Amino acid sequence: MIYLDGFEDQRQAELFAHRESSGSFGIEEMADLCIEGLSVCEGHCPSRSLVGQDRCQCVRARFECLEDYQFYENGRKQAVVMIATNALSMFGEDYEDGD
Ligand SMILES: [Zn+2]
């Protein structure tokens with residue numbers, strides 16, 4: 001990924017944070033993302049150091065605006081809890097089945 005200069009990066013981060021969501025994310029697409037998880041900022045990210053993790057270049061490449069990203073982040077937190085709960089209950093069933 002080609003890194004923008006810092007000024008342009010900050011300008012785009014600002015636009016990203018204030019843009020309104022057009023709702024282009026379908027709810028199913030968003031649900032899939034939340035369940036699978038999304039890795040942004042792998043390794044060193046100069047953009048993240050400058051403008052922050054929630055609006056760095058990698059996040060901006062995946063999301064239309066900060067609102068969409070925050071929507072994803074909240075959904076992801078809930079999905080993680082849900083997945084963990086399911087995993088635990090499956091473990092519980094295995095345990096009960098064993099003799
Ligand atoms: Zn990044």
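The largest nonpolar core is made up of nine residues, namely Ala13, Phe16, Cys34, Val51, Cys56, Val59, Phe63, Tyr69 and Tyr72, where a nonpolar core is a set of buried Ala, Val, Leu, Ile, Met, Phe, Trp, Tyr and Cys residues joined through C-beta atoms within 7 Å. To this core α1 (6-18) and α5 (66-97) each supply at least two residues. The model is a predicted one, in which local features need pLDDT of at least 70 and side-chain atom pairs count only at pLDDT 80 or more, while totals for chains, interfaces and linings use all residues. Residues are numbered from 1 along each chain as its sequence is written.

**Overall build**

- The protein has five helices and zero strands, and along the sequence the pattern reads α-α-α-α-α; helices (H or I, at least four residues) and strands (E, at least two) are DSSP runs, numbered from the N terminus.
- The radius of gyration of the protein, taken over C-alpha atoms, is 18 Å, whereas a compact globule of 99 residues would have a value near 13 Å, by the rule of 2.2 Å times the number of residues to the power 0.38.
- Taken along the principal axes, the C-alpha atoms fill a box of roughly 65 × 30 × 15 Å.

**Burial and contacts**

- Of the 99 residues, 14% count as buried, a term that requires 20 or more other C-beta atoms within 10 Å of the residue's own, with exposed meaning 12 or fewer, partly exposed lying in between, and C-beta atoms placed from the backbone.
- Helix α2 (residues 27-36) lies largely in the open, because the number buried among its 10 residues is one.
- Among contacts between residues at least 6 apart in sequence, 70% join residues at least 24 apart, a contact being two residues whose C-beta atoms, placed from the backbone, lie within 7 Å.
- Val59, a member of the largest nonpolar core, is in contact with Val40, Asp54 and Tyr69, leaving aside its neighbours within four places in sequence.

**Two glycines**

- Gly37 follows α2 and has a positive phi, near 80 degrees.
- Gly52 is found in the loop between α3 (46-51) and α4 (57-62), and Gly52 is exposed, with 12 other C-beta atoms within 10 Å.
- The C-alpha atoms of Gly52 and Tyr3 are separated by 15 Å, although these residues are 49 residues apart along the chain.

**Confidence**

- The mean pLDDT, the predictor's confidence in each residue from 0 to 100, is 89 for the protein, and 92% of its residues reach 70 or more.
- Among the elements, α1 has the highest mean pLDDT (96) and α5 the lowest (88).
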